[in-house]
Amino acid sequence: TKCESGCVCADGLYENLDGRCVPAEECPCEYGGLAYGRGEQIHTECEICTCTKGKWKCVQKTRCSSTCNLYGEGHITTFDGQRFVFDGNCEYILAMDGCSVNRPISSFKIVTENVICGKSGVTCSRSISIYLGNLTIILRDETFAISGENPGIRYKVKKNALHLMFDIIIPGKYNMTLIWNKHMNFFIKISRETQETICGLCGNYNGNMKDDFETRSKYVASNELEFVNSWKENPLCGDVYFVVDPCSKNPYRKAWAEKTCSIINSHVFSACHNKVNRMPYYEACVRDSCGCDIGGDCQCMCDAIAVYAMACLEKGICIDWRTPEFCREF
């Protein structure tokens, strides 16, 4: 209805992010706040996406992997994306195969052992045991030990400043990458070549998060604590009846926890905010930072932030968030 001053692109041309007019073929694509040029690709766990005329064209990968996260004081995200928290001083089965009644033969089993790490009674995952037939890998005290052998399994160990990584191949069944930050965070990434069922605290990996609380007895539990108790490795351990709220028990720590964890909500991670929902990670960070009350509090906080950073990386967004003053690499 009225004139507006300014410039427009000629017919058939479009303004790009630099303010230049370009043909449609040269239009960039946006992902996580970053611009990608024509023909550039991004890789996610299940897709390869190519920038074409300003839009992403995505192709499903033939092999799609899924990741289960165990981090901090008992936070778990299952293979199918279900989240829950538990506090239990026992050994629990994270993941194993051979869960069907017809084929109860297991080729792998991964067990986490929890120990008390705070006055409020919260637990931290401190020890991971990986059983591959006669081959056993134990992760404990920031290092690992391997005993026995299994000629039918191929594995490789990689180390960097922050992580221990294990690439494990069970031929014809699974490709697994296990990542441990030598403290409380553990990631199980599985790509499978079989319809073999998987079970444990990481869920049944069938693409449906609604039935992830399937117990060892093959029924879906009414709540997560009933589910967790069913996956105890040692039946003599006591059951978990409630989940501790560390910030209620340590209210003097809450303000510090909220302040330090707020980096997740800040501009530092802004490129990731529209790709990965940050609130569950922020809440987990505050909870863990309140709970680590007998030393290692900064380690708990840094570990919790690192989980969000890794979730961003899975979506192709690399955040450089560590500094010499904040969660520096040792």
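**A sheet, its bridges and the disulfides**

Let us begin with a pair of strands: β5 and β6, the latter covering residues 47-52, run antiparallel and are joined by three bridges. Please bear in mind throughout that this is a predicted model. Within this pairing, Q41 has T50 of β6 standing opposite.

Where do these strands belong? They are part of an open sheet of three strands, in the order β5-β6-β7, with antiparallel pairing. The edges are taken by β5, residues 41-43, and β7, residues 55-60; each has a single partner strand, so one side of each is left without a neighbour in the sheet. From one strand to the next, the twist averages 25°.

I now turn to the cysteines. How many disulfides does the model contain? The count comes to 10, taking as the cut-off a pair of cysteine sulfur atoms within 2.5 Å. I shall present three of them in some detail.

The disulfide of C29 and C51 brings us back to the sheet. Its sulfur atoms are 2.2 Å apart, and with 90° about the S-S bond the link is right-handed. C29 belongs to strand β3, residues 29-31, while C51 belongs to strand β6, so the pair ties together parts that are 22 residues apart in sequence. Are these two cysteines buried or exposed? The criterion for buried is under 20% relative accessible area. C29 has 2% relative accessibility and therefore counts as buried; C51, at 1%, counts as buried as well.

The next disulfide joins C247 to C290, with an S to S distance of 2.1 Å. Here the angle about the S-S bond is 90°, and the link is right-handed. Since C247 lies in helix α2, residues 246-249, and C290 in helix α5, residues 279-291, the pair ties together parts that are 43 residues apart in sequence. Both C247 and C290 are buried.

For the link of C272 and C312, which hand do we find? This link is left-handed, with -100° about the S-S bond. It connects distant parts of the chain, as C272 sits in helix α4, residues 270-273, and C312 in helix α6, residues 297-314, 40 residues apart. The sulfur atoms of C272 and C312 are 2.1 Å apart, and both residues are buried.

Which is the nearest cysteine sulfur to that of C7, a residue in no disulfide? It is that of C21, at 8.2 Å. Given the cut-off of 2.5 Å for a disulfide, C7 is left without a bonded partner. C7 has a relative accessible area of 82% and is exposed, the threshold for that class being over 50%.

C318 is likewise in no disulfide; the nearest cysteine sulfur, that of C312, is 9.6 Å away. With 67% relative accessibility, C318 counts as exposed.

Finally, a residue from another strand. T136 is found in β14, residues 135-140. Its relative accessibility is 15%, and T136 therefore counts as buried. Which residues does T136 touch, leaving aside those up to four places away in sequence? The contacts of T136 are I130, Y131, A145, I146 and S147.

That concludes my presentation, and I thank you for your attention.

Key. Residues are numbered from 1 along each chain as its sequence is written. This is a predicted model: local features need pLDDT of at least 70, side-chain atom pairs count only at pLDDT 80 or more; totals for chains, interfaces and linings use all residues. Side-chain values use heavy atoms; hydrogens and water are left out. Two strands pair if DSSP finds at least two bridges between them. Helices (H or I, at least four residues) and strands (E, at least two) are DSSP runs, numbered from the N terminus. Axes are lines fitted to C-alpha atoms, for helices over the stretch in contact, and angles run from 0 to 180 degrees between N-to-C directions. Buried means under 20% relative accessible area, exposed over 50%, partly exposed in between (1.4 Å probe, protein chains only). Contact means heavy atoms within 4.5 Å.
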